[in-house]
There are 2 protein chains.
Amino acid sequence: MTSSSIPSASIAASSSLASLSLPEKLRQGKQAFYAMSALPTAQKNQALETFARLLKEHRDRLLEANQRDLQENATGLAPSLYQRLKLDETKIQTLIQGLQDVVALPDPVGAILRRTQLDEGLVLEKQRVPLGLVAIIFESRPDVLPQILSLILKSGNTVIFKGGSEAAHSNRAFMQVVSSLEEACPFLPKGWAQLLETRADVQELLNYPEFVDLVIPRGSNALVQQIMATTRIPVLGHADGICHVYVDASAPVEMALSVVLDSKTQYPSACNALETLLVHTSLGPVFLPVLAEKALELGITLKADALSRKFLPAAEAATELDWKTEYGDLILAVKQVDSLAEAISHINTYGSHHTDAIVSLTPEHQQRFQTEVDSANVYVNASTRFADGFRYGFGAEIGISTSKTHARGPVGLEGLMSYKYRLVGQGHVVSDYSGATPKAQFQHKNLSVE
Amino acid sequence: MTSSSIPSASIAASSSLASLSLPEKLRQGKQAFYAMSALPTAQKNQALETFARLLKEHRDRLLEANQRDLQENATGLAPSLYQRLKLDETKIQTLIQGLQDVVALPDPVGAILRRTQLDEGLVLEKQRVPLGLVAIIFESRPDVLPQILSLILKSGNTVIFKGGSEAAHSNRAFMQVVSSLEEACPFLPKGWAQLLETRADVQELLNYPEFVDLVIPRGSNALVQQIMATTRIPVLGHADGICHVYVDASAPVEMALSVVLDSKTQYPSACNALETLLVHTSLGPVFLPVLAEKALELGITLKADALSRKFLPAAEAATELDWKTEYGDLILAVKQVDSLAEAISHINTYGSHHTDAIVSLTPEHQQRFQTEVDSANVYVNASTRFADGFRYGFGAEIGISTSKTHARGPVGLEGLMSYKYRLVGQGHVVSDYSGATPKAQFQHKNLSVE
């Protein structure tokens, strides 16, 4: 492996790593994982508390660096991205509180999930272990870096970040805090947290499944889809967030309106925001005129099927494309359906299996909706915006997954864990349990995991 | 979607599906999943018991069909593949017993894994649900089909098989049993179990992540790697099985020999068979001569590093390539190491993270080996051949996974499950919990899951 002489655009908190080639950095990150995964809880919590203290101490430098990012991107960025790029005292205070929350979470590493006596003196344990080296690709929001770092640390994993160029100064300032953390906590292994800065590095990184155990892209659909299509490394995330609210025949109009408006307007660019509203035809004539009024008041553009437009005079005509579109904006597609079955079928066909809600007072319909809608989050009489790790009580969130394998829905520490099987015998061999007249028989006796 | 007029080479148990195009078959399989996932336990067990009875009744026809496969492949197949292709009374009896075992397993569908009160009247549940439509690609062994079918049925999933052409008659005969099963159990949804027969179908299938939720290839490394490289559908499996035994300084020679020989010879072509033996240098002069004698007796070819060849006169010289090779045969690579750390580092570098064992009487070394070796199965004083779903007490096995995300190690019913989050409120909205002075606070109170 060559120690590349190409000028490196990457920042390693351990400055000695900065000059390494990308494969060497990845190898170092994977090597550091073996040490990280064995760190005792007390040391991990000590590092989290030190990190909180250092964020407080470096506050002014962080805000200064962020100011430079804001100035350099004052004209180029969309207003919503600019807001996400901005750090302030409150956000840093939230970060510090978040670190304290992670200290309080139980250590997920090492728990015995199951223990089975296969035979006398032959005991199998299923033990929770960390995943390995995790690559996080994110855009804009620089506070993602310390947030995710706290989960990586607590879960005994290691991380390599690629931040957006618009937040380059802020991300570097956070990595300087990480350098100070490493000085204060020398038990943290070299290379446990690294930062890449070029897109080319990300493309190259995707070719190293032997070093990188998981990729978490947090960004545009295009970014996520491109990564999913070009790597053999498992990817945790979601490309689309096409979420639905179905207003059932029995829905109280006030409750339905409140859930629909919160789902659509509380943060329209979020992945768990409402995109398509389905309304039972028996309620349409009552509910839709009320919605039309509120939409006008709140500046929501409506796109509706022919049947609904009778009650939504300002609505544009919706096409099939609208059922497949994540607007991420104050635009709402509206469709009337004749039955619960039609609503469920529409959601399973056009949705992105992220978050879908029913507003209904009919217990049988609530139950059927939650069972048959094939999504990570299925709600009754609640806003789709609740789909979030903090709101679920996970302490922090790595991302939201619409994959069904591994972690699904909002992902906290558990999504960063795997398990291994540990078997302890006394020289046991399989041939004793094989053949026409085996010498021994399996017991498969469940033992307590306490 | 066109109902293709190309002559179809596929068999659907529901004969009405045979003429459909591949995408239509996949759509049907996915559609059937929604019905399968809601089947009550009693009906699923009834179907399993009926299937067992029908296997018994169709025994002669199954053996006849298998005879045709054996005759047509009498010359073309390697002896080990020919053995795997062969069905006999004992294998069918084992299948029937296996079905009874699966009846006895608890239903994995619907269990509440966690329940949290987010606030008054707002309760979140994490519920176990099936995955969806699973594609199984297998070679030779036709008994894989009914075995996996039983797990698919119990777990509320649906399946599309692609069997090897060498077992075409046997696989079709099993699918005829499935047709009889569908007649006897009309609650099974149309398309829940289908069989494809051409490689082209598999290639096309890999392009439909919207229908297929998981691919399980059970076959050669080349097959698995090619599938992993060409699809965005999650793949569960393992490409290589490069397993190690490390004989520590404190290992009793008799126990070490027994574990090494069982790991290597009990079934040399299995993925959990031993490929590379590591021996502590202090024990080499004692252990290796004994091994040399046994290897000669059992016909094991040895390939060893220079240091070990002093004690293994018949051994060929090993190169780095040997540390990376899965022989799948009576060939064993041997290397001496100076320390436990060197053994662990060798295994993490060259191994395939499948199954690795230490033979040692030193508790600290046992513990360190199991913690630091980054493999799905890590053993103390036991043969690597124990890595198997039946031996672990899972009732049946879908395959063995070396992936760290989702299922790892031997995979039973659990690997066919995902989960969803169900939230029930009373019109709760996120805006009440947001802003500078929120109206409400989250409680995040853990509730009993009973």
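1. The model is a predicted one, and a search through the whole of it turns up one cavity of 30 Å³ or more. The space in this largest cavity comes to about 30 Å³. Its lining is made up of Arg114(A), Thr116(A), Leu124(A), Glu125(A), Lys126(A) and Tyr421(A), together with Phe394(B) from the other lettered chain.

2. Which strands of chain A each supply at least two residues of that lining? They are strand S2, covering 112-119, and strand S3, covering 122-130. S3(A) gives the largest share, with three residues. Sorted by class, the lining holds three nonpolar residues, three charged residues and one polar residue.

3. Thr116(A) sits in strand S2 of chain A and is buried, since its relative accessible area of 6% falls under the 20% limit. Although Asn446(A) is 330 residues away along the chain, its C-alpha atom is separated from that of Thr116(A) by 4.5 Å. Once residues up to four places away in sequence are set aside, Thr116(A) touches Leu122(A), Val123(A) and Leu124(A), and it also touches His444(A), Lys445(A), Asn446(A) and Leu447(A).

4. For chain A taken as a whole, the secondary structure amounts to 15 helices and 18 strands. Its C-alpha atoms fill a box of roughly 75 × 75 × 35 Å along the principal axes. Of the 450 residues in chain A, 59% are buried. Where contacts in chain A join residues at least 6 apart in sequence, 72% of them link residues at least 24 apart.

5. The side chain of Ser418(B) comes to 2.8 Å from the backbone oxygen of Lys404(A). Beyond its neighbours within four places in sequence, Ser418(B) is in contact with Lys404(A) and Arg408(A) in chain A, and with Gln127(B), Arg128(B), Val129(B), Pro130(B) and Leu131(B) in chain B.

6. Is Lys30(B), a residue of chain B, buried or exposed? Lys30(B) has a relative accessible area of 6%, and because values under 20% count as buried, it is classed as buried. Lys30(B) lies in helix H1 of chain B, residues 22-36. Leaving out neighbours within four places in sequence, its contacts are Asp374(A), Leu133(B), Glu210(B), Phe211(B) and Asp213(B).

7. Asn381(B) is found in strand S14 of chain B, residues 377-382, and is buried at 4% relative accessibility. A polar atom of the Asn381(B) side chain lies 2.9 Å from the backbone nitrogen of Ser360(B). Asn381(B) and Ala251(B), 130 residues apart in sequence, are 8.9 Å apart from C-alpha to C-alpha.

8. Most residues other than glycine have a negative phi. Asn381(A), however, has a positive phi near 50°; Asn381(A) lies in strand S14 of chain A, residues 377-382, and is buried with a relative accessible area of 4%. His444(B) likewise has a positive phi, near 50°, but its place is in the loop between S17 and strand S18 (445-447) of chain B. His444(B) is partly exposed, because its relative accessible area of 29% lies between the 20% and 50% limits.

9. On the cysteines, how many disulfides are counted over all chains? The count is zero. Cys185(A) is buried, at 0% relative accessibility, and Cys185(B) is also buried, with a relative accessible area of 0%.

Key:
Residues numbered from 1 in each chain as written. Chains lettered and ligands numbered in written order. Predicted model: local features only at pLDDT ≥ 70, side-chain atom pairs only at ≥ 80, totals over all residues. Heavy atoms only, no water. 1 Å grid on protein atoms, 1.4 Å probe; cavity = no way out; pocket = protein on both sides within 12 Å on 5 of 7 lines; lining within 4 Å. Points joined across faces, edges and corners; volume = space filled by probe spheres on them. Helix = DSSP H or I, 4+ residues; strand = E, 2+ residues; numbered from the N terminus. Nonpolar A, V, L, I, M, F, W, Y, C, P; charged D, E, K, R; others polar. Disulfide = S-S within 2.5 Å. Buried < 20%, exposed > 50% of the residue type's maximum accessible area, 1.4 Å probe, protein only. Polar contact = N/O pair within 3.5 Å; in protein donor to acceptor, adjacent residues only side chain to side chain. Contact = heavy atoms within 4.5 Å.
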